[in-house]
Structures are given as C-alpha cells and as structure tokens.
Amino acid sequence: MKKVNQPSLFESQDDDDATPLAERLRPRTLDEVAGQGHLIGEGKVLRGMIANDKVPSMIFWGPPGVGKTTLANVIALTTNARFVTFSAVTSGIKDIKDVMREAEEGRVFGRKTIVFVDEIHRFNKAQQDAFLPFVEKGSIILIGATTENPSFEVNGALLSRCKVFVLKGLTEDEIVGLLRRALADPRGFGRRRVVISDDMLKAIAVFANGDARAALSTLEMVVLNSEEAGGTITVTADCVEQCTSRKSLLYDKGGEEHYNIISALHKSMRNSDPDAAVYWLARMLEGGEDPLYVARRVTRFASEDVGLADPHALEIAVAAYHACHFIGMPECSVHLAEAVIYLSLAPKSNSSYIAYERAKKDALERIAEPVPLVIRNAPTKLMKELEYGKGYRLAHYAENKIADVQCLPDSLQGTEYYSPTNEGVEARIAKRLGEIKAWKAELVRRRHP
C-alpha cells in the first residue's frame with residue numbers, strides 16, 4: 001500500500017536528552033493524560049469510546065498544550081484501525097485524495113481508517129471539502145485538532161458530522177502534578193537527582209497558564225540551566241525567575257479570544273466594575289492588541305452605554321483615542337485605563353442607542369415618505385413655487401423657542417424614538433423633554449381649539 005508522505009506526529013522517539021521533554025513524556029495511555037477529567041475521567045463518554053475503539057468523527061477544540069494531539073496519540077496506540085496523520089501546514093489536496101482512495105478500498109474489505117488532522121483550521125475550504133464525502137460514507141473517521149472556534153473555522157457541513165469535544169486549560173494543581181511526574185519518570189528526569197521546591201513548581205505552573213507543553217518546556221529549561229554538583233542538580237529561585245520572566249498571555253488578535261476579551265471589557269464597564277474592566281484592558285494590551293482598536297471600542301461604548309447620562313464621557317473617550325494615536329504603547333495604556341475607569345463609574349443610559357435602532361427599523365421597513373414641505377429647503381425659484389419651505393417659522397423667534405412646525409412625515413406623526421432615563425445628566429434632559437412635549441401639545445391645542 002502506498003504510504004502518505006507525511007511525518008507522523010506519533011513516531012516513537014528515543015528517550016534521550018536530544019528529544020524535548022514534552023515529547024519524551026507524551027502519554028501512551030489515558031491514565032497518563034493530565035487534566036480533561038470532564039472528558040476522560042472514569043465513566044465519561046470519550047473515555048469509553050477510546051477504550052472500546054469506537055471513536056466517531058470528532059473535533060478536539062482547546063488552547064495550546066492541553067492534550068489535543070495527546071488524545072489522538074492515545075487513540076493511535078489503541079485502535080485496530082489504520083491511522084493516518086495530516087498536518088494542515090504541509091498537506092495538499094493530492095495527499096488527501098490519495099489517502100481517501102486507499103481508505104475507500106479498505107472500507108470494501110471491512111478495514112477502518114482514522115485520519116487525524118492537526119490544526120484543521122489551517123485547511124482551506126477546498127481541502128476540508130475533500131474529506132466530506134468520505135466522512136459521509138464512513139470511509140474514514142476524521143479527528144481534527146484546533147485552537148480556533150470550529151464554528152468559524154470548520155466548514156458547516158463537515159462540522160455537523162463531527163462531535164466537538166472542548167478541552168480545557170490545565171489547572172495549577174494538574175500542572176504541578178505533571179511536573180512532579182516529569183521529575184520522577186525515567187522518560188523525564190527520573191534517572192537524575194533534581195532538587196526543586198514546591199514553590200518553584202507552582203511558579204512554573206502559574207507561568208504556563210494552563211499549557212502542559214509550556215510547563216514541561218520551562219521545567220526542562222530550568223533543569224538544564226541549573227548547577228550540578230555531586231550528582232545532584234539544584235534549581236534556584238533566581239533560575240526559575242529568569243526562565244519565567246515574561247508570561248505569554250492567551251490572546252489571539254484575530255481569533256475567538258479577541259472577541260471574548262473585548263466583550264468582557266465592554267460588559268465589565270457596562271456593569272460598573274472598574275477592576276474587571278482594567279484587568280481585561282490589560283489582557284488585551286499586554287497580549288499585543290492595537291490600542292487604537294481598544295480606543296475605538298471605548299468610544300463606541302461612551303455613546304452606546306453611557307450616552308446622555310454623562311455627555312462628557314464621549315469627550316474622555318475621544319481624548320483617549322487621540323492620546324493613543326499620538327504616543328502609542330506602552331505609554332498610552334494609562335490614557336485608556338483612565339477612560340475605562342471613568343466609563344465604568346459613569347451613570348449608564350442606552351437611550352440614544354435604542355432611539356436610533358427604533359428609527360432605523362422605521363427607516364428600513366416603512367415606506368420612504370417625502371420630507372414635509374414646510375421643512376424643505378427652497379434655494380431656487382421653482383422650489384419656492386412648489387411651496388418648499390412655505391409656512392416655516394424660525395424657532396429662535398417663537399415662544400419658548402419652539403415653532404408650530406411638522407418635522408416627521410405624516411404617517412409617523414406622534415412617534416417617539418427617544419425615551420430618556422433618569423440617570424445622571426439625562427434626568428435633567430428628561431425634564432426638559434417633558435416641558436417641550438407639553439409646549440408642543442399646547443400649540444396643537446391652540447391650532448385645534
């Protein structure tokens with residue numbers, strides 16, 4: 001049978017120091033997998049599927065280093081099916097078609113083929129479509145791994161035929177347990193004496209941020225850069241500090257986490273929680289987000305959620321935007337923090353937003369009536385002859401500065417789009433609007449006594 005010219009993710013490795021620690025310790029059974037107890041704990045569905053060699057087509061979705069490829073590795077080691085791996089980075093349509101043809105031939109003779117696609121979100125539509133008919137016919141069982149939301153990155157037709165399993169970042173305790181196993185396991189540092197404190201292991205676990213691979217890589221770096229004397233490697237706090245000096249934040253400027261965190265920032269400000277708002281702001285900026293993007297969202301919030309309850313909020317937001325434009329990161333972080341805190345504590349009103357949405361609905365769904373003649377402009381003789389602007393009265397010279405002039409089309413007379421709240425400055429606006437409505441009602445009463 002023709003082999004696919006793809007390097008396997010699961011080729012055996014020599015247990016020597018030339019192989020990265022994370023690869024040497026890659027689990028071979030479910031019992032060795034750290035974390036994901038909600039999926040592979042005793043009595044859980046996925047554990048039963050793998051143990052009984054009855055896995056369906058499925059997608060493993062989760063952040064880096066949480067066990068997506070590891071679970072595929074365990075399946076590869078336990079299944080009786082032919083197991084083929086693809087890398088979305090190096091595989092093309094021809095490679096896919098070759099494997100699909102062999103899988104179809106195998107199906108005729110009752111042989112299963114499991115295809116594992118790492119980083120399936122990197123496959124384009126045509127590449128993903130190439131799998132679809134073979135998944136539908138049962139010629140292959142497809143297992144995909146992705147760090148991106150499959151709702152956006154996997155074709156709907158293919159996704160509907162796969163079970164999605166969501167993998168979670170490992171907890172601090174789970175990572176500490178993994179690190180201790182790495183120190184004791186002969187595949188790790190078990191054949192060497194390594195002295196490292198619990199506090200240092202916890203520091204590495206916090207730095208790893210739920211990523212098992214990052215934790216093991218950091219441990220390896222720490223051990224290999226520590227002094228050895230008398231057959232004992234002693235890890236110092238200074239060495240750990242140097243190797244964990246910069247935490248890599250989970251933040252993808254183009255992916256789902258981008259939208260999750262900007263949503264968290266927006267909703268924290270809306271809920272008047274300045275502490276949460278500043279935290280999410282820091283997550284975005286320290287993760288590499290463009291400060292002007294954040295400033296634009298903050299400016300939108302100033303009108304959408306604070307609005308007329310504090311009109312000064314928009315000035316603060318716009319000023320923060322200009323400050324970001326002038327000086328950039330990291331200096332502009334303080335300007336954005338000032339704006340975010342101000343908006344969090346400001347009184348809230350979405351009346352302007354609601355008013356526009358109501359007006360937009362009428363503008364889109366109702367017949368587009370002409371502008372009333374009385375408020376039309378009449379710059380030419382013809383327009384004046386057609387009575388454009390006839391009867392218009394300038395409000396500045398009318399009683400209470402309100403003229404008896406129709407401003408809405410006939411079918412919308414009396415429609416109210418703006419309903420002020422009693423929050424902040426808008427309470428005064430509400431009072432003023434009530435007076436205006438009363439004066440207009442009086443004008444109508446005089447016209448039709």
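Which helix supplies the largest share of the lining of the second largest pocket? In this predicted model, the answer is α11, which contributes four residues. The second largest pocket has a volume of about 490 Å³ and is lined by 27 residues. Of these, Arg26, Gly65, Gly67, Thr70 and Arg213 lie nearest the centre of the pocket. Several elements take part in the lining: α1 (21-24), α4 (68-78), β4 (141-146), α9 (172-184) and α11 (212-224) each supply at least two residues. By residue class, the lining of this pocket divides into twelve nonpolar, seven polar and eight charged residues.

Helix α10 spans residues 198-208, and its buried residues are Met200, Leu201, Ile204, Ala205, Phe207 and Ala208. Viewed down the axis of α10, these buried residues fall within an arc of 165 degrees, and they therefore line one face of the helix. Such a pattern can be related to helix geometry: an α-helix has 3.6 residues a turn, so residues three or four places apart point the same way. The buried residues of α10 are covered by elements that include α9, α11 and α12 (237-243). Two of the elements in this cover, α9 and α11, also supply residues to the lining of the second largest pocket. Following α10 is Asn209, which has a positive phi, near 60 degrees.

Definitions and conventions. Residues are numbered from 1 along each chain as its sequence is written. This is a predicted model: local features need pLDDT of at least 70, side-chain atom pairs count only at pLDDT 80 or more; totals for chains, interfaces and linings use all residues. Side-chain values use heavy atoms; hydrogens and water are left out. On a 1 Å grid over the protein atoms alone, a cavity is a set of points where a 1.4 Å probe fits but cannot get out, and a pocket is an open set with protein on both sides within 12 Å along at least five of seven lines; lining residues have an atom within 4 Å of a point. Grid points are joined across faces, edges and corners, and a volume is the space filled by probe spheres set on the points. Ala, Val, Leu, Ile, Met, Phe, Trp, Tyr, Cys and Pro count as nonpolar, Asp, Glu, Lys and Arg as charged, and the others, Gly among them, as polar. Buried means under 20% relative accessible area, exposed over 50%, partly exposed in between (1.4 Å probe, protein chains only). The arc is that of the directions from the helix axis to the C-beta atoms. Contact means heavy atoms within 4.5 Å.
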